[in-house]
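Here are my notes for a first look at this model. Please read them with the structure open.

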Amino acid sequence: MPTSISITQAIQSILAPAVMISSTWLFVLSLNTRQSAVFTRIRVLNEEKRKLLHLFEQDAKPQIIEENRYLNIDYQMNILVKRSWYIRNAIISQTIAVVFFVLTSFAIGIDSSLSHNSITYGIPLSLFILGMLLVLIGSLSLAFDEWLSYSVILIEVRAKHSGNESIEQKR
């Protein structure tokens, strides 16, 4: 029969992955906010693109500025879609990481109740390492998203300062 000290230690060990669960969910929350902002920006640009298309249909010779803005929007939307892909991957990675951290807690509990049976030996650590690997993957996806987010801002700023220069001339 386990002593109260070993039960306390088992409970502490089981709760240890909870720190990773909490921090990972905070990360997911920030990713959801980021994803929402990207989706909103895509919707706004898409609406502007529709208005420009409608304008093009009415005017046989659209202004060069309108054509450039249309190309600019199209280019930005392609990058924003890539950003949403990276954010989605980060959210999926982080969510699966939480699953592995929860499984780690269960595995520690099972391992403790079986008195460190050789069958379950190493399972908690393996699950925790897999969870941490998924956190790393999610963090790298966020880094790629951040890289792309900066490029979208550069496109917008360059478009404001370039006047009548087309997107193709900037590439």
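1. Start with the rings. The count comes to 4 aromatic pairs, where rings of Phe, Tyr and Trp (its six-membered ring) pair if their centres lie within 6.5 Å. W85 and Y86 have ring centres 5.1 Å apart and planes at 70°, so this pair is edge-to-face. The cut-offs for planes are under 30 degrees for stacked, over 60 for edge-to-face, and tilted for the rest. One aromatic cluster is formed by W85, Y86 and F144.

2. A caution on the source. This is a predicted model: local features need pLDDT of at least 70, side-chain atom pairs count only at pLDDT 80 or more, and totals for chains, interfaces and linings use all residues. Residues are numbered from 1 along each chain as its sequence is written, and side-chain values use heavy atoms, with hydrogens and water left out.

3. Buried means under 20% relative accessible area, exposed over 50%, partly exposed in between (1.4 Å probe, protein chains only).

4. Now take A97. A97 lies in helix α2 (residues 64-113); helices are DSSP runs (H or I, at least four residues), numbered from the N terminus. A97 counts as buried because its relative accessibility is 0%. Leaving out residues up to four places away in sequence, A97 touches T24, G131, L134 and V135; contact means heavy atoms within 4.5 Å.

5. Last, the whole chain. The pattern along the sequence is α-α-α-α. Buried residues make up 33% of the 171 residues.

Definitions and conventions: Helices (H or I, at least four residues) and strands (E, at least two) are DSSP runs, numbered from the N terminus.
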